[in-house]
Amino acid sequence: MPDGYSSSKKKDGYWDDVCGQEPSKMARIRCLMQTLDIRTFIVLFLVIPIGFVGVYFHGQKITYFLRPLWQSPPKPFIPIPHYYHENVSMASLCKLHGWEVRDYPRKVYDAVLFNNEVDMLTIRWKELDPYITQFVLLESNSTFTSIPKPHYFAINRERFDFVEPRLTYGTIGGRFKKGENPFVEEAYQRVALDHLLKIAGIEEGDLLIMSDVDEIPSAHTVDLLRWCDGPPAIVHLNLKNYLYSFEFNVAHTSWRASVHQYQKGTTRYAHYRQTDYLLADSGWHCSFCFRKISDFVFKMKAYSHTDRLRFAHFLDPKRIQKVICNGDDLYDMLPEEYTFKDIIARMGPIPHSYSAVHLPAYLLNHADQYSYLLPGHCIREVG
């Protein structure tokens, strides 16, 4: 008998009290469990599983919260002060900006890619109508994520009779390449919009508004830029940023919309930063401002940022309705900021705003029709 095992009994060739010597796997596992202290047990069977579950459900939040560690803030813009009052002459407004008034205004082209934002397009074009030379709209039968869709503008075209004489409308077939980065399809459509602008007759020196449908420059901003000589050849527009309606004013501002003095062979339609100049308080950006819950679902699936749609329950209509009324995030994300201070300051629901001052005039003149966009009206149609 081996030393140290004098009190053990040998059975079927195994010492019955020596861990690892039992013939059965379950017996060996049971023996191994007996050797674990309580702290090791908690780590293996509680802390680690909870950690894996937490990373699975909240990994994106962790990544966004740690963003300041791996990404620096972009170069700050050069802000341009914006002066305006309806009782101040255009000559005086140009002078206040350090610019000179022109003998005649520049022609202005408003060009957009269209998905399904019929109400926002109506409000946009009614706001800009007095100052636009040509409205240019391109529509595809595919979303950026290769989901087939109808030509929603064509279906609702009669609603836009007021711009028909000045409308250049085009369609483009989607490429329907499953699994491709959605930004590739988006870039493909923006190149097609460049060609449509040429068909519309844009010329050297004309103004071109580059912005999404829901990024609406104020009418007086466009009027200022078309009448004044001296603004930068490319200027971004600092828009008041809203989510779901004009009740939820997001703390940070929108800057992607831009106005260009068109240069043949140089100007390309894009939706990213193209200059350091930013004109203050130039309009409104109302993102996910839809009448129907079904429109929210459609955009969430069609959105270029498909990585944000991580779980199927994000598309549940009851959840979406609750998120809208609370001012929460549709994708359960943390704020996209570059400092811990800004991230922490913007965590949680967006505060309700009860101001409807200086919103697009057409919206206020037709408040009954577009009440869902105004403070106090968060309930959406289910269809």
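Predicted model: local features only at pLDDT ≥ 70, side-chain atom pairs only at ≥ 80, totals over all residues.
Me: Where does Phe-176 lie, and what is its phi near?
Reply: Look at the loop between β7 (167-172) and α7 (182-200), for Phe-176 lies there. Most residues other than glycine have a negative phi. Phe-176 is not a glycine, yet its phi is positive, near 50 degrees.

Me: Is Tyr-244 buried or exposed?
Reply: Tyr-244 sits in the loop between β12 (240-243) and β13 (258-261). This tyrosine also has a positive phi, of about 75 degrees. Since its relative accessible area is 1% and the limit for buried is under 20%, Tyr-244 is buried.

Me: Which strands are the edges of the eight-stranded sheet?
Reply: The sheet is open and mixed, and its order runs β3-β14-β11-β13-β8-β5-β6-β7. An edge strand here pairs on one side only.

Me: Which residue in β13 is the bridge partner of His-236?
Reply: Strand β11 covers residues 234-237 and pairs with β13 in the antiparallel sense, over three bridges. Within this pairing, the partner of His-236 is Ser-258.

Me: What angle does the direction of helix α5 make with that of β5?
Reply: Helix α5 (residues 118-128) packs on the sheet. The strands it touches are β5 (108-114), β6 (134-140), β7 and β8 (207-210). Its direction and that of β5 make an angle of about 180 degrees.

Key: Residues numbered from 1 in each chain as written. Heavy atoms only, no water. Helix = DSSP H or I, 4+ residues; strand = E, 2+ residues; numbered from the N terminus. Buried < 20%, exposed > 50% of the residue type's maximum accessible area, 1.4 Å probe, protein only. Pairing = 2+ DSSP bridges. Contact = heavy atoms within 4.5 Å. Axes fitted to C-alpha atoms, helices over the stretch in contact; angles between N-to-C directions.
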